[in-house]
Amino acid sequence: MITRTRLAAGACALLAALTAGIAVPAGAAAGEPTGRDAPKVDLVLDVSGSMRARDIDGQSRMAAAKQAFNEVLDATPEEVELGIRTLGANYPGDDRKTGCKDTAQLYPVGPLDRTEAKAAVATLAPTGWTPIGPALLKAADDLDGGDGAKRIVLISDGEDTCAPLDPCEVAREIAAKGIGLTIDTLGLVPTAKLSRQLSCIADATGGTYTSVEHQDELTDRVNELVDRAAEPVVTPVPAEGADRCAGAPALKSGLYTDRAAFGQQRWYRVDVPPGKELRASVSVAADRAVNPGYGVLLRAVTFKGREIVRGEAAGTGRTDVISTGLRHPKPGGDEEDAPAEAVCLAVSHSFSAAPGVKATPGLPLELTVDVVDGPDEAADVAAFGLGRGWWLLGVLILAGFLAGLVWGWLSRWRVAVWRTN
C-alpha cells in the first residue's frame, strides 16, 4: 500500500531545521516536547469528474471518500483542529482558466463540529477540473498561524490539470517557507504518472505517499495521519558529528540535526546495553541545487572498525529528501552487569553541488536514534524460517498420522468383509 516509506519519521522537521547544526556537548539528549498551539489538519479532497468512476469496492470513488471522511470525522481527536478543502467541486465548464481556480474551503480549520462537517461532505458531487497546485497554496494559507503541527492530507484520483503551476514546485515553495507544514498524499486507484506526482509532492515536505484501492485502506490511512498530527512535537537537538569513530559524540535516544559537507562522513556513538536493540535512521536534504543521482549511507560499526549492519538509499533527482535506516539487536548475556556495547554510526552521502552552487555550509541531516528492548528470542526469532509455524506443522503431522491410522483400519476392515463374502 505505502509505496514510499520513510524510515525517518522526523523527516518533516528536517527542512524546518536547515539553519541548525550548532555544536552541543557530547551526550546531549533529545529535546522534550514543548507546549504548542493545537495541531491543525486540512483534508484536501479531489472532487473532479473522474471521481465518478466505480472501481473502489463496487462503489464510486466519491462514495468511498465520503464514507471514509465520515469515519475519520468520528475518530478525530478532540485536540485537533480540522478543516476540509475541495478542488474541482464547483465549476463544471470547459474554461481552463476558471476551472483552475476551482478550490474552496468546505469546512474551515478549527474546532470540529462533527455534524456540521458531515453535512458539508454529504453535499459533494464529482464536478470539474483537478487544480492540485492552487489547492495546495490555499490549504497552506488555511493553516497559517500558530506554532503547532500543521498537516495537509491530499486525496486525489488524477494528476494536476493546471500546469505550468507544477504542484511539485508548489510543495517545494511551501517547504521553503519554513513553517513546519507536512503534506501527505493518497492516490485513489493511481496511474504510474499520478503516483510519481503525488510522491514528489509528499517528498518535498517530508510527508508520505500512499496508494489506495479499497475504502477501508483510505479510512485507516487518513485516520493514522490525523492522529499523527496530534502527537507531541519534539524539537531536534543540534549535534556535531566527528570525522572518526573515536571522537564521536555520545547520543541517547532522540532526534538530532547536523550538517554534512559534500564528500564528508559524520560519526556518532550510541551505547547499546545487552538485551537492547538500536534503531537508527537518517535523512539528508538538498537545500540547494544538486546534481541528479545521489544516495545516503548509514552504517553501524564497532569501536574497532568492524561493520555490523548498514542501510542505504538512492535518488534520481526528483526528491529533496532521501532517507534510510537500520536496526541492531544486542543479545542479552548471562552476566547481570555486562557492559554496554559502543556502536558508532557513520553517515555519508553522495550529493554533489551543481555548477556555481556554494559547497558550504554542508547539507542538513537529521538523525533519529532509539534504543529499545531487544526481540524476545522465543517469540520473535524464527526457527528454520517457520517461527510459530512449527506449532501448525506439528498439528498437521499429528492429524495426518491419525487420519492414516483410521484410513488403514477402514481399508483392512473392508478387505476382510469382502473376503468373507
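Visitor: Which residues in helix 5 meet which residues in helix 6?

Guide: Happy to! On the helix 5 side they are Pro 167, Cys 168, Ala 171, Arg 172 and Ala 175, and they meet Gln 197, Cys 200, Ile 201 and Ala 204 of helix 6. Contact here means heavy atoms within 4.5 Å. By class, this contact has seven nonpolar residues, one polar and one charged. Nonpolar covers Ala, Val, Leu, Ile, Met, Phe, Trp, Tyr, Cys and Pro; Asp, Glu, Lys and Arg are charged; the others, Gly among them, are polar. A handy rule for reading such lists is that an α-helix has 3.6 residues a turn, so residues three or four places apart point the same way.

Before going on, a word on what you are looking at. This is a predicted model, in which local features need pLDDT of at least 70 and side-chain atom pairs count only at pLDDT 80 or more, while totals for chains, interfaces and linings use all residues. Residues are numbered from 1 along each chain as its sequence is written, and side-chain values use heavy atoms, leaving out hydrogens and water.

The chain has nine helices and 15 strands. These are DSSP runs numbered from the N terminus, with helices being H or I of at least four residues and strands being E of at least two.

Now back to our pair. Helix 5 and helix 6 pack at an angle of about 10°, and their axes are 8 Å apart. An axis is a line fitted to C-alpha atoms, for helices over the stretch in contact, and angles run from 0 to 180 degrees between N-to-C directions. The two helices are therefore roughly parallel to each other. Angles under 35 degrees count as roughly parallel, over 145 as roughly antiparallel, 65 to 115 as roughly perpendicular and the rest as oblique.

Helix 6 spans residues 192–204. At 1.5 Å a residue, its 13 residues should span 18 Å, and its end C-alpha atoms are 19 Å apart, which agrees. The expected span is 1.5 Å times one less than the number of residues. Ten of those 13 residues are buried, meaning under 20% relative accessible area, with exposed over 50% and partly exposed in between (1.4 Å probe, protein chains only). Among the buried ones are Leu 194, Gln 197, Cys 200 and Asp 203. Their cover includes helix 4, helix 5 and strands 4, 5, 6 and 13.

What lies on either side of helix 6? Val 189 sits in the loop between strand 5 and helix 6, and its phi is near 45°, a positive value in a residue other than glycine. Val 189 is partly exposed, at 25% relative accessible area. Following helix 6 is Gly 206, with a positive phi near 75°.

Helix 5 has another partner, helix 4. Helix 4 (residues 132–142) and helix 5 (residues 167–176) pack at about 20°, with axes 8 Å apart, and are therefore roughly parallel too. Ile 132, Gly 133, Leu 136, Leu 137 and Ala 140 of helix 4 touch Pro 167, Val 170 and Ile 174 of helix 5. That contact has seven nonpolar residues, one polar and no charged ones.

A cis peptide bond joins Ala 163 to Pro 164, with omega about 20°.
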